[in-house]
Each structure stands twice: as C-alpha cells, then as structure tokens.
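I opened this one to see where the ligand sits and what surrounds it. My notes are below the picture.

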Amino acid sequence: MTGHEHDPLRPHSHDPNPEPPSPDPSFIIETPDARAQTWTPDDLQALPATTVENCWIVSTGHGASGPFAFTGAALGDLIRQIWKGAWSHVEVLSGDGFGTRIHAAELAEGVIRPILLAHSVDGRTLDRAEGLVRLVVPSEVDDALRQVKWVRVIRIVDA
Ligand SMILES: Nc1nc2c(c(=O)[nH]1)N[C@H]1C(S)=C(S)[C@@H](COP(=O)(O)O)O[C@H]1N2
Ligand SMILES: [Mo]
C-alpha cells in the first residue's frame with residue numbers, strides 16, 4: 001500500500017464524528033442516467049412512513065445505544081418510485097466522507113425490518129447532530145459502520 005487512501009465505501013472502525021459536516025440536511029439522489037435531484041427532509045416526510053422498532057447503534061469500541069424506533073422511507077420503495085430502470089446497488093454517502101454500499105437484494109420489496117432513510121426517532125424528528133437524514137440498516141448490529149449519519153448523496157448504480 002502506498003499511504004492511506006480513504007474509500008468512503010470501506011470505512012474503517014473509528015470514533016464517530018460528533019459534528020455534522022454542514023447545517024444543511026438536504027441530499028442528492030443520482031440515477032443511472034446521470035441525472036440528479038435534490039431532496040429535503042420535508043420531501044422524505046411526505047412519503048409513506050415505515051417504522052422499525054428495536055434498532056441498536058452498536059459499536060465494540062464505544063458501546064451501544066438503543067433501543068430506538070426509527071421512522072422514515074423504506075429506501076427500496078423510494079428507489080423504485082423514482083427509478084423504473086435496472087439497477088444493481090446503491091451507494092449511500094455522507095457529507096463527512098462516510099458511506100456504505102447496499103445491494104438491490106437487500107432492498108427487495110416486502111422485507112421485514114427494511115433499510116430506512118430515517119427522518120425521525122422515537123416519534124420526533126431527528127436533529128442534525130443525530131444524523132438527519134440518517135440511513136438505518138436494522139440487520140447490522142455489530143459495528144454501526146452502515147448506520148450512515150448526514151446522508152448527502154444516494155447514488156443508484158446499474159453495474
Ligand atoms: N456520517 C457518519 N456516519 C456515521 C459515523 C461517522 O463518523 N460519520 N460513524 C459511525 C459509527 S462508527 C458509529 S458507532 C455510529 C454512532 O452513531 P451515534 O453518533 O448516533 O451514536 O455512527 C456511524 N455513522
Ligand atoms: Mo463506531
């Protein structure tokens with residue numbers, strides 16, 4: 001290896017950033033046709049809401065917090081609403097260089113405890129410090145590396 005090359009899709013375990021990268025909670029959705037649309041938390045709140053109870057933010061290094069009931073849009077449903085063509089995976093990137101890749105199979109219709117683009121927790125809107133807008137991957141319960149705070153870009157990819 002030649003020095004440290006940071007890949008946001010392969011974050012190493014680390015102390016989470018306590019500070020939002022910017023005050024602006026809007027985010028951009030990029031579709032495979034190279035178009036982009038800007039969304040706000042209000043746009044997200046206008047979609048059908050899904051709540052996933054009993055979510056934990058778990059980190060071996062610095063403890064766990066929860067249980068939380070996160071509410072938001074099921075990410076798979078959101079993608080199927082705005083992109084009717086083929087797609088294989090989605091990259092979810094934060095404003096502070098964090099991110100994760102989600103395969104289409106993880107976002108299939110009708111999954112129990114679906115992956116959410118969350119705007120609320122325990123019945124109230126998340127504040128910016130809590131990650132608004134926050135990706136919640138309920139199945140990930142070991143190191144919180146997919147619980148992406150401050151989502152900035154959602155890139156729908158057809159590989
Ligand atoms: N954007 C962003 N999301 C992130 C992180 C981060 O540094 N930046 N840290 C992750 C890690 S390592 C942990 S343990 C959790 C912490 O979430 P919390 O601040 O809500 O406890 O956020 C995860 N999501
Ligand atoms: Mo962590």
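These entries go from the ligand to the pockets.

**Ground rules.** I'm looking at a predicted model, where local features need pLDDT of at least 70, side-chain atom pairs count only at pLDDT 80 or more, and totals for chains, interfaces and linings use all residues. Residues are numbered from 1 along each chain as its sequence is written, chains are lettered from A and ligands numbered from 1 in written order, and side-chain values use heavy atoms, without hydrogens and water.

**Ligand 1.** I looked up its neighbours (a heavy atom within 4 Å) and found 15 residues, with His62, Asp96, Arg134, Gln147 and Lys149 coming nearest.

**Polar contacts.** I took these as pairs of N or O atoms within 3.5 Å. The side chain of Lys149 has an N or O atom 2.6 Å from an oxygen of ligand 1, and a polar side-chain atom of Arg134 is 2.7 Å from a ligand oxygen. Ser94 puts a polar side-chain atom 3.3 Å from a ligand nitrogen.

**Pockets.** I used a 1 Å grid over the protein atoms alone: a pocket is an open set of points where a 1.4 Å probe fits, with protein on both sides within 12 Å along at least five of seven lines, and lining residues have an atom within 4 Å of a point. Ligand 1 takes up the largest pocket (more than half of its atoms lie within 2 Å of the grid points). I read about 300 Å³ of space there. Of its 21 lining residues, Pro16, His62, Arg134, Ala144 and Lys149 are closest to the centre.

**Second pocket.** The second largest pocket holds about 150 Å³. Arg134 and Lys149 are among its lining residues too.

Conventions
Polar contact = N/O pair within 3.5 Å; in protein donor to acceptor, adjacent residues only side chain to side chain. Points joined across faces, edges and corners; volume = space filled by probe spheres on them.
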